[in-house]
Amino acid sequence: MHLSKNSLINDELLQKNLNLINTTSPSYPIIASIEGSIEFLNSPKGKKKISKLLENIDNFKKEFKKSKNIEFLSNTKAYKIDETRIFAKVQGYSGHEIADLLFENDKIEVELDNNIGFLALCGIGTTKKKFDVLKNALIKYINSSTSEIKHEPMILSEPIVKLTPKQAYYSDYEEIKPEDAIGKIVQETIVPYPP
C-alpha cells in the first residue's frame, strides 16, 4: 500500500490496522499437504496410527505412575487437554531448566517451557523408541532430584478479562516502558514470536 506525502490518512493508524490482518501469502503446497494429512487421518490406517500414538502416550505416563517427582497435566472438570501433548512438571527443576537439560544432554527439543514445566508435542511419527528416549532422560533427572512434588493438582490459570480485544483496541492508550506495565492492560497484542 502506498501513501502520498500529502495523504490525509494517519499512517500510524493505517499500519496498526494492517497489523491486525497482515499475513504472508498462502502456500498452496502446504494447504495441499494439510488436506492430504486430514484425508489420511480420517482413513482406517490413519485412525489406527492415532490410536497407537494415544496408547504409547498412555504407556509413557504409566511408567512414571509410582514416581513422586514428576507430574503430568491431565483432564479435569474445568478443562480438557489435547492428549497428544504432554505437559510435565519435574520436581526440583523449572520447566526452563529441564528443557535446557533435555536439549543439551539428550538432544530432545520441547515445544515450550515455562517456570512450571515443559510441553512435548507428539504426532503419528512419534514412535515408542522416541518415547523411550524421553522416558530414560526424565528418569535420569527425576533420580537426581532431592525433593518430592507436593501433590496439589497442576492448575491452568485463566486470565481475568478486563476488556475485550475490541474494547482495548479502541480505548485511549499511552506508551510506557515494559517495567512499568505490571497491572496495566495492553492495547495491542504482544507475542514473543509468530505462531
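A salt bridge is counted here where a side-chain nitrogen of Lys or Arg lies within 4 Å of a carboxyl oxygen of Asp or Glu. The model is predicted, so that local features need pLDDT of at least 70 and side-chain atom pairs count only at pLDDT 80 or more, while totals for chains, interfaces and linings use all residues. Residues are numbered from 1 along each chain as its sequence is written, and side-chain values use heavy atoms, with hydrogens and water left out.

**View 1. A salt bridge joins K62 and D58.** The closest N and O atoms of K62 and D58 are 3.2 Å apart, and a search of the whole structure finds 7 salt bridges. Because K62 and D58 are 4 residues apart in helix α3 (residues 44-62), about one helical turn separates them; helices are DSSP runs (H or I, at least four residues), numbered from the N terminus.

**View 2. E188 lies in the segment after α6 (165-170).** E188 is also among the residues closest to the centre of the largest pocket, which receives 6 lining residues from α1. A pocket is an open set of 1 Å grid points with protein on both sides within 12 Å along at least five of seven lines, where a 1.4 Å probe fits; lining residues have an atom within 4 Å of a point.

Key
Helix = DSSP H or I, 4+ residues; strand = E, 2+ residues; numbered from the N terminus.
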